[in-house]
Amino acid sequence: QPGSFFRYPLFHLLLLALTSLPAVIIALVHTAVSPGEVGFQAAFIAEIIKEPYMSQALVFGRLVTVAMSIVAMWALYRMCASIWSPRAGRISLLILLGNAWYTYYSQTTNLDIPALMWILLSMERSLAAARGGGRRAWWWAAICAALAVATKDQAAAPLIVTIPVAVTVWLTRGPRADWPSRLRSLLPVAGGGAAIYLLASGALLNPTGYLARVRWLLGPASQSWHEYEASLHGRAHLIGDLVTRIASSAWPPLVGWLVVATAALMPILAISRWRQRRAWLWPLLAAVAMTLIFNLTALRVAKRFGLLHSVLLVGYAGAAIDLALHAIATSRWRPALRRLAQGGVATLVAAVVVAGLWLSFSVVWAKWTDPRYEVERWLTRHTDRTTKVEVYANNYLLPRMPAWLDATRVSPKALNQRNPIAGLREVQAPLADVEARSPDVIVLVD
C-alpha cells in the first residue's frame, strides 16, 4: 500500500516469499476449492497460518540462512587468503565454527546472517578490485553492497567506509593524471549499484513508503531500544561491553579472550610495516566503521550487533597463528625444537577449536531440546476438547497447540495489533482477571 512500510527492507523478505511459494500455492488452491462464507482473502489468511504451511515456510527460510552462512564462510576464507595466506583462511574458518553467535544466527530466519554474507562478499570483491581486479570485481562489490543494505539497513555502516577506501587505494595505484578517467569508469558501476538498491529495497515500488521508513529510521526507530546513555561515558561503556561480550560470550571465555588478544596484536604489526602490511587493516576498518556509525549511534550492543565484529576477529586470529607457524618453520632452531614448537601451536589451535565447537554444539542442542517441545507433548497427553487453555505471549514464543484444544490468547493489546495463530481465539482483557475466566491450563512463557 503506498505510504505504508515495514521495519525491514524488502529484498530478503522477497527471497523468503519465493521459498514459501509452494505452501502459498497449495493454500490458494485449497481456499479456492472451499472459500467458506468469510470471503476469499479472509479464508486464505485463515488457511495459510495453519501449522503445515508455516512449518514449511520456516524450514525453507532456515535452509536459506544455512546456505548463506556457508557462503559467508567462503567469502571470509577468500578475504583472509588474499590478505594473508590460504592457511590463515583455513584456520580462521576453524575458529569461526566455534563462534556460538554465528552458530545460533545461522539457524534462524533473522536477517543478520544474510546481511553479513553480502557484506563479506562486497568486502572481498572491493579488496580484489582495489588490487587491480578489474571492472567485474567492482561490479560484484557494488551489487553485493546494494543487496546487503537492501537486506538490513545497518549493513551500510561498514560499506560506506570500505568501498570509498578501496576506490582511493585503487586510484593511488595509478598516475594522478589518470584519476579523472578512472573515476568516470566507475560511474556506471555506482549507478548500477544504486539502481539495484532502489529496486531491491522497495524504494522504486513504493517511494512514499520508503521515505516514511527513512524518516522512521532516522527518528524514533531505535530510541526506545537504547541500552546506554547518549554521552561520552555511556559510549565508553558500550565499547567496553562490546569487547567483553565478544570475548566471553561468542566463545568460551578463555578462548574468547585469547582470540581477542591475538586479533588485537595484528593491527599493531600492520602499522609497524605500513607499506607491506596495510591490507591487514581491512577487516579492522569494517569493524571500526560498524562501531562508530551504528553501535555508537544506535547505542546497542546485542549479540547480533556484534556479530560482524566477532566474525572479522577470527581473520586476525587465524593470521596470527599462521604467522607463528611460518616464523617457527623459517627459524634457525634445531629441527626437534621446531617440531616441538609447531606441535605446541597445533595443540593450542586444536584446544581452541574443540572448546569453541563444544559451545556451538551446546547452542544446537539447546534448540533441539527447546522446552516448548515438552509443553507440546504434555498438552497432547493431558488435554482433550473440553480443556480450557489460556496462553500469554507473542507468536514466536509459543509452543504449537493441539488442534482440538479450546485455546485462548489473552492480552491487553488491541486485537488488530496482533499476528493471528490458527486455532487460537484472541481476547483483549487484563491478565489479572484470570480467576474470572477460570482456565484449566495456563501456558506461561518466562
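**Salt bridges and a helix pair**

At 21% relative accessibility, Asp-153 counts as partly exposed; the scale calls a residue buried under 20% relative accessible area, exposed over 50% and partly exposed in between (1.4 Å probe, protein chains only). The model is a predicted one, with local features needing pLDDT of at least 70 and side-chain atom pairs counted only at pLDDT 80 or more, while totals for chains, interfaces and linings use all residues. Residues are numbered from 1 along each chain as its sequence is written, and side-chain values rest on heavy atoms, leaving out hydrogens and water.

What does Asp-153 pair with? Its partner is Arg-213, and the closest N and O atoms of this salt bridge are 2.4 Å apart. The term stands for a side-chain nitrogen of Lys or Arg within 4 Å of a carboxyl oxygen of Asp or Glu. The bridge joins distant parts of the chain, 60 residues apart: Asp-153 sits in the loop between helix 8 and helix 9, and Arg-213 belongs to helix 11 (residues 207-218). Helices here are DSSP runs of H or I with at least four residues, strands are runs of E with at least two, and both are numbered from the N terminus. Arg-213 is buried because its relative accessible area is 6%.

Lys-152 also takes part in a salt bridge, meeting the side chain of Asp-112 at 2.5 Å, N to O. Lys-152 lies in the loop between helix 8 (135-151) and helix 9 (156-172) and Asp-112 in helix 7 (residues 112-130), so this pair ties together parts that are 40 residues apart in sequence. Lys-152 and Asp-112 are both buried.

Elsewhere, Lys-50 bridges to Glu-47, with 3.1 Å between the closest N and O atoms. Lys-50 is partly exposed at 37% relative accessibility, whereas Glu-47 is buried at 8%. A network of salt bridges links Glu-51, Glu-376 and Arg-400. The count comes to 15 salt bridges.

Helix 7 and helix 9 also pack together, at an angle of about 10° and with their axes 8 Å apart; axes are lines fitted to C-alpha atoms, for helices over the stretch in contact, and angles run from 0 to 180 degrees between N-to-C directions. The two helices are therefore roughly parallel to each other (angles under 35 degrees; over 145 is roughly antiparallel, 65 to 115 roughly perpendicular and the rest oblique).
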